[in-house]
Amino acid sequence: MENLLLITIFFYILAGVGYFLFFTAQKNYFYKAGLYCIIAGFLFHTTIIVFKILTTRQLPIHNLFETLLTVAWSITAVFIFFDYKFKLKILGIFASPMIIFIMSAACVISDKPVEIKKIFSGFWLNIHIISIFIGEAAFVLACGAGIFYLIQEYGIKRKKRGYFYKRLPSLSYMDAVCYSCIIAGFAMVTMGLASGFVYAKIAWGHFWTWDPKEIWSILTWLFYAVLLHGKLASGWRGKRFAIMTIIGVIFILFTFLGVNFLFEGHHREFTG
Amino acid sequence: MRHIILIGLNHNTAPVELRETIAFSDQQLKQALLCLKNKQGIEEVFILSTCNRVEILAAVSDMQSAIKSIENFFSEKKDIDFKKIKEFFYIYFNKKAAKHIFMVSAGLDSMILGEPQILGQIKVAYRAAVEQKTAGPILNRLIHKAFFTSKKIRTETGIGSHAVSISYAAVELAKKIFGEIEDKTLLLIGAGEMAELAVEHLKGKRVTDIYVANRTFKNGVALAKKFGGRALKLEEVPSALEIVDIVIASTAASEFIIFKKEVKNIIRLRRNRPIFFIDIAVPRNIDPDINGLANLYLYDIDDLRGVIEGNKELRSKEAVKAERIVEEAVITFLNWYESLDINQVISALKSKLDAIGDAELKKTLASLKHLSSKDIEALSVMTASFINKVLYDPILFLKSAGCKKDKTAYLDFTKKIFHLDNK
């Protein structure tokens with residue numbers, strides 16, 4: 001298991017190097033190399049996850065190690081999908097360091113065995129977990145596209161076309177990618193929240209229990225709902241939209257980790 | 001042994017009046033090629049004639065008489081005393097000639113560093129030389145190598161990737177803002193050479209709709225007709241801002257035509273879709289504060305000039321890389337060129353066959369262990385004399401007067417069919 005984890009990180013680091021070289025040298029073969037490495041890493045990563053599922057019969061989110069492992073896996077999965085879909089080649093330089101960082105953090109924390117409660121299983125819970133993880137990974141990638149947008153726009157507005165000008169794609173393209181990521185993420189998170197409520201009803205008998213995680217999740221969801229509404233109703237775009245995607249990720253980070261460390265609640269044990 | 005010579009003049013060495021006199025029209029070029037080909041000492045010839053340069057590239061068997069022939073040719077055809085204009089010409093031999101033609105075709109010798117048109121002009125000139133059958137194995141190889149090298153330079157360096165004219169710089173920026181500009185709408189306010197050039201470039205990228213607004217409506221209509229667009233009155237500009245994506249302003253008005261206040265109101269109506277304002281008028285036509293509004297981008301003439309200056313610097317930096325690629329190409333070309341020497345070809349041919357003979361002999365002897373040393377020697381003598389007999393006629397042919405006329409071609413051919421290039 002340890003070895004598999006190291007091999008996974010090794011491939012992610014190779015991918016990161018590939019994407020970095022692609023960004024600086026702008027040679028397509030570096031991008032290709034990066035993509036193949038990240039896919040290789042992803043396969044090993046998936047093997048670890050499958051192994052975990054087979055041994056515990058549950059999704060691996062029972063301690064901080066497992067949660068981080070799954071977070072990194074979701075981001076990689078969504079990244080590979082969006083890369084295939086949009087060919088936004090420079091997103092790799094945003095995604096790969098993040099994946100490497102999360103995986104390394106998981107590695108440092110190391111896996112401590114936890115007592116697995118019967119309650120954490122079932123169809124609705126699995127749907128809840130998978131869609132939330134995938135959805136939030138898409139929000140994180142939207143933030144990446146947003147950051148690139150801001151860098152590129154800053155250069156164009158200031159008429160100082162530096163290092164990034166040539167390397168980043170057009171503003172409207174990055175805006176579109178950002179928007180697509182948000183749409184995909186919003187759909188998944190909505191599904192995740194709904195299935196979470198259903199699960200809560202089955203497990204605890206209430207849809208809503210004023211758990212801090214629930215409150216913050218709804219706030220995050222509302223934030224993105226407002227963002228999407230602004231886009232659809234009055235055509236929010238560009239700088240404002242990009243900044244909002246970054247704020248959104250701060251929300252997510254807090255909801256995802258901050259709440260677990262600061263408040264009590266029934267989500268707490270996943271990072272224990 | 002043949003030599004490559006290049007005689008020519010360009011925008012750095014000669015004034016435009018002289019370049020005009022020396023230049024060849026398409027028709028003259030064909031005659032000139034044939035005429036030079038028949039001169040003494042000249043085997044192959046290629047002429048490049050553009051508004052910035054006239055160059056004669058030739059493969060010659062006798063250097064002195066070839067140079068004389070070319071000088072006489074200029075004196076006769078152009079009706080001037082060559083001695084008087086000799087100082088404007090440069091003349092390069094072999095290695096330097098090859099390097100020069102590589103530099104020229106990559107745009108490294110052009111007035112605007114890295115400009116791509118020259119390659120097309122060389123292609124046309126080369127086609128003429130091929131049609132008149134004045135290019136032979138040496139020039140074919142040389143010019144193909146020049147094409148290959150300049151293509152390599154384009155892909156491996158950024159020599160051509162930074163716009164160095166106002167209109168190209170504007171198009172490049174538009175692409176960075178909109179990505180695709182195919183479905184964008186353009187508004188041209190006022191007219192002027194630079195504005196029209198920019199419109200031409202944008203039209204080349206297939207913008208869909210073009211509006212033209214002009215103070216004199218009649219002129220506006222004429223201009224709109226020229227670009228296949230629609231004419232507007234100047235008063236209609238504010239409402240047109242609702243639908244256009246790119247605005248090019250170049251009127252002679254002494255004050256702003258487009259104000260921040262007007263534009264601010266329109267952003268909401270456009271649902272925040274971006275507008276790219278290009279203000280090439282002096283004094284400026286568009287309120288510079290507009291650049292501060294979200295999703296609006298404004299570049300005036302000085303900003304565009306700044307972009308170009310930056311790009312020129314980038315190109316010069318890339319030119320260093322490009323020159324390295326040229327030098328590599330010169331080395332590979334010279335390796336090939338020098339191997340066309342008859343003694344080299346023959347010795348390469350011999351050693352190839354000897355190597356085959358040795359290898360086969362070894363293989364056979366390995367399974368014939370019972371042979372005495374005398375037998376072995378007899379076998380190797382037989383192999384050697386077999387090889388010599390086979391080579392006798394081809395070598396005699398290559399050395400004989402029979403192929404003197406196209407010696408280079410035969411040598412090249414021999415190298416090709418025996419695959420002697422790998423040495």
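User: What makes Ile210(B) the bridge partner of a residue in another strand, and which residue is that?

Analyst: In this predicted model, Ile210(B) in β6(B) is the bridge partner of Leu186(B). Strands are DSSP runs of E with at least two residues, helices are runs of H or I with at least four, and both are numbered from the N terminus. Residues are numbered from 1 along each chain as its sequence is written, and chains are lettered from A in the order in which they are written. Because the model is predicted, local features need pLDDT of at least 70, side-chain atom pairs count only at pLDDT 80 or more, and totals for chains, interfaces and linings use all residues.

User: How do you know that β5(B) and β6(B) pair?

Analyst: Two strands pair if DSSP finds at least two bridges between them, and β5(B) (residues 185–189) and β6(B) (residues 209–214) share 5 bridges in the parallel sense.

User: Why is the crossover from β5(B) to β6(B) called right-handed?

Analyst: The chain passes through helix α9(B) (residues 193–204) in a right-handed β-α-β crossover, a term which means that, with the strands pointing away from the viewer, the path from the first strand over the helix to the second runs clockwise.

User: What makes β5(B) largely enclosed by the rest of the structure?

Analyst: A residue is buried if 20 or more other C-beta atoms, placed from the backbone, lie within 10 Å of its own, exposed if 12 or fewer, and partly exposed in between. In β5(B), 4 of the 5 residues are buried, so the strand is largely enclosed.

User: Which residue of β8(B) stands opposite Leu186(B)?

Analyst: Ile246(B) stands opposite Leu186(B), and 4 bridges join β5(B) to the parallel strand β8(B) (residues 246–249).
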